Amino acid sequence: MTFPGGTSISRLSVYSGSPCADGLEGGTPHLHTASTEAYVVIGGHGTLQTLDANGLRETELSAGTTVWFTPGTIHRAVNRGGLEVVVVMSNAGLPEAGDAVMTFPPEVVADPERYREAATLPPPPPLGGPPPSGGPPASSSLPEGLAPSAAGAIRDIEEAVRRRRELAVEGFLRLADAAAEGDLGPLHRFYDHAIALVRPKAAAWRTIWEDTVAEETRRTAGILDALERGDGTHLRRSALMESPPHDRWGMCGNLRAHDVAHPIVHTPEPS
């Protein structure tokens, strides 16, 4: 039932139309504490800004580019024209459970309550359809025919997305400026704060990992053992699964995500 390799997949339309304080359009800088992320660019162009112990780097992104980055790599997608990306994440379930930490200024990221308040978006209205396709704010792209309350809820979410992005960009630029001067102390302190934020969640993450990535590894080991014996019983339990997309506001842009943990099984296992 696990998506190949225990990964997850989504399609990302990187935010556009609302420049940040430094004049760039794009997403919210953040890192992952346990998971590796990959970008497979399928359209448009832009850059990926990354910051780690080696300093700040910019990587050009265009259709056909494939890059990936490990835990601890602060990353920011910059949209320079219609940037569309297929995102593949390791450890399906962990990013959704809080593996990402945004680069808010130190006075925010050091305080779990302030961090939670800055990071949390208002609940979406029950629209039954996708969020607006633009970036934060995107009130001009609201779907037609919305009830005033739903339109207001969308605007509230977009404003919250914009605020948390601006706060994370502020912190990111401070980290990048310090690194450019050879001072990695702020980056190391940010890492310490990030670990403190996610530490209470680690035990629950292990359960998710055991049920997905570790279980997939054990299943493959069992299949290899069976093949060595000439046993193909597992082929008789083959199945087709599907995970329809659902739309939401992500950190880097509008997401068409897939709930790979609860797929539709089109070919049930025989009894």
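I will take the pocket, then the cysteines.

This is a predicted model, where local features need pLDDT of at least 70 and side-chain atom pairs count only at pLDDT 80 or more, while totals for chains, interfaces and linings use all residues. Residues are numbered from 1 along each chain as its sequence is written, and side-chain values use heavy atoms, with hydrogens and water left out.

The second largest pocket holds about 570 Å³ of space. A pocket here is an open set of points on a 1 Å grid over the protein atoms alone, where a 1.4 Å probe fits, with protein on both sides within 12 Å along at least five of seven lines; lining residues have an atom within 4 Å of a point. The volume is the space filled by probe spheres set on the points, which are joined across faces, edges and corners.

Its lining has 21 residues, and Met 1, Thr 2, Arg 219, Arg 237 and Met 241 lie nearest the centre. Helix 5 (202-229) and strand 10 (241-242) are the elements that give two or more residues to this lining. Helix 5 provides the largest share, 5 residues. Helices (H or I, at least four residues) and strands (E, at least two) are DSSP runs, numbered from the N terminus.

Now the cysteines. With a disulfide defined as a pair of cysteine sulfur atoms within 2.5 Å, the count is 0. Cys 20 is buried (under 20% relative accessible area), at 7%. Cys 252 is also buried, at 5%.

Notes
Buried < 20%, exposed > 50% of the residue type's maximum accessible area, 1.4 Å probe, protein only.
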